[in-house]
Amino acid sequence: MKGRAAREEHAGVEVEEVKLPGVGVRHDFQTLSGRRVGVISHRSGRHDLLIYDTHDPDSCSEIVHLATDEADTLAELLGAPRIVERLASIPDHFAGLVVEQLPVTPGSPYAGRTLGDTQARTRTGASVVAVLRGDRTLASPAPDFKFEPGDYLVVVGTPEGIEAVARILER
Amino acid sequence: LSSDGARLLVELGAVIFSLGVLGRVARRVGLSPIPLYLLAGLAFGRGGLLPLTTSEEFLSEGAEIGVILLLLLLGLEYSAGELVSNLRAHAPDGLLNIALNITPGVAAGLLLGWHPVAALAMGGVTYAASSGIAAKLLSDLGRLGNRETPAVLSLLVLEDLSMALYLPILTALVAGVGLRGGFLALLIALAAMGTALLVALRFGGAINRLVFSDDDEILLLRVFGLALLVAGIAALLQISAAVGAFLIGIALSGRVAEGARELLSPLRDLFAAVFFVFFGLTTDPSAIPPVLPLAAALALITALTKAATGWWAARRVGVGRLGRVRAGTVIIARGEFNIVIAGLASSVEPALSPLSAAYVMLMAVGGPIIARIAEPAAERAFGLTRRRRPAPGPALPAGEGQEGGDA
């Protein structure tokens, strides 16, 4: 039996999850170039960034301790889900603009069709700035971007504009 | 203040202050402070350099609270779910650990012609690794992310869990209940542990809501009070006060456990230090030199048996040879619980305390040293070239000195 390692897929990368009793959780995975990297999430909220040794793959050649805000910054630099959080703060800066997430339901006429087909921006003035699919964030979708049922659109616009996009998606 | 009261304050102040000085020395050289606390206790005890006159009784009460806090905080480290899943996944490692590391102590006790109960206590002294020292080593040496580390932590968890059975049995046997009484104690302990785990898993949320408070002071008083209460009841039921506190620690989880860990840690540090001093205090310093050779022999044997346990546990999760060496050597150090065990049974055999004190002092000092030098030594022995950290880059311009490694 190989420990209590649980494996799960994250955006096509096989991530191994191991519980560290009394400490927290470790996640790690192998990169295409053969290096192993990981993160320990301490119960205290601190994170350790791990880079495994090439000679002795059981040990880490580097451990970088990250405080909570430092871990957030690193995650932000690496992109992905944080974009949405940053968008959420837009209304503070631009009065009158709202960010909303709208679902593409299986019954939506645009499930399986492209962003361009909706003509959302021309018809409503609101913009689709990102699409959330599973736990990935696909930023700035192009007009030929094809929606799938279960997608969430991140829409920026006036409340009326967003309402209009929601109606388009529904019928 | 009466003159006795004043004397008590002076003595306590002097003892605790000198522990502060010793603790600083230990930090400086990167060692566990436990051996120094024991030495201080020896110096302050009867036949020591500076015998105390009035504070022994107070220290004795403080020592009992120290044991309770040690086990309460240990229980707070783990949730019931963690304990159960570790027990399922790593039971063979735990059993090997018991077989390999209790045996040397028991054998030594029996060979010395001790009462079997004292021999069983000596088995406990050689059995438990110091989870405190091991956890500190793992983080100091940057090994928390290593692939052998989960196996090491699981071994420590199971050891702690086995204490919940071992301590009640030993307590009952020391009280002179005989084999049948010991068996009964085992059943009661099993029932108590089962109940605590079940309650924690089923009603953990309700208990935590009952105890939780946003106010630090109230949370501290509630958790500490609850632990003392349950410890006292457990002692009345003959299942060791320490185990009662441990089970309460397990039953508490989430925000309560997090808050209580933070609030109670300083209190634990203080009273645990008092406990180690008190153990030294009640040990006759002149009895130590004669048992030193035996303690050294036991230390050597149990360093090997512990290393073998860690090696095996790491191998079972597919870790390579170097990792197995690291896993084995990081758990060699003995410390807090070995002294707790010796303290429980010191009345049965007068030689138990000096032998345990000498043994723990050797292991608490030697264990971390072995853990540090084992990896480079093994690399050389296995014919692997040294690599570790990448070679330092070109010298940085003045004023941009390279950052030191982990403190």
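Buried means under 20% relative accessible area, exposed over 50%, and partly exposed in between (1.4 Å probe, protein chains only). This is a predicted model, where local features need pLDDT of at least 70 and side-chain atom pairs count only at pLDDT 80 or more, while totals for chains, interfaces and linings use all residues. Residues are numbered from 1 along each chain as its sequence is written, chains are lettered from A, and side-chain values use heavy atoms, without hydrogens and water.

**Chain A**

Select A:Asp48. A:Asp48 is buried, at 1% relative accessible area. Its side chain meets that of A:Arg46 in a salt bridge, 3.2 Å from N to O (side-chain nitrogen of Lys or Arg within 4 Å of a carboxyl oxygen of Asp or Glu). A:Arg46 is partly exposed, at 32%.

**Across to chain B**

Show A:Glu16, A:Arg26, A:Asp28, A:Arg36, A:Asp58 and B:Arg147 together. Salt bridges link them in a network.

**Chain B**

Next, pick B:Arg326 and B:Glu148. Their closest N and O atoms are 2.8 Å apart, in a salt bridge. B:Arg326 lies in helix α13 (residues 321-330) and B:Glu148 in the loop between α6 (131-140) and α7 (149-174), so the pair ties together parts 178 residues apart in sequence. Helices are DSSP runs of H or I, at least four residues, numbered from the N terminus. Both B:Arg326 and B:Glu148 are buried.

Move to B:Arg268 and B:Asp269. This salt bridge has its closest N and O atoms 3.0 Å apart. B:Arg268 is partly exposed at 22%. B:Asp269 is partly exposed too, at 46%.

The whole structure holds 19 salt bridges over all chains.

Technical notes. Helices (H or I, at least four residues) and strands (E, at least two) are DSSP runs, numbered from the N terminus.
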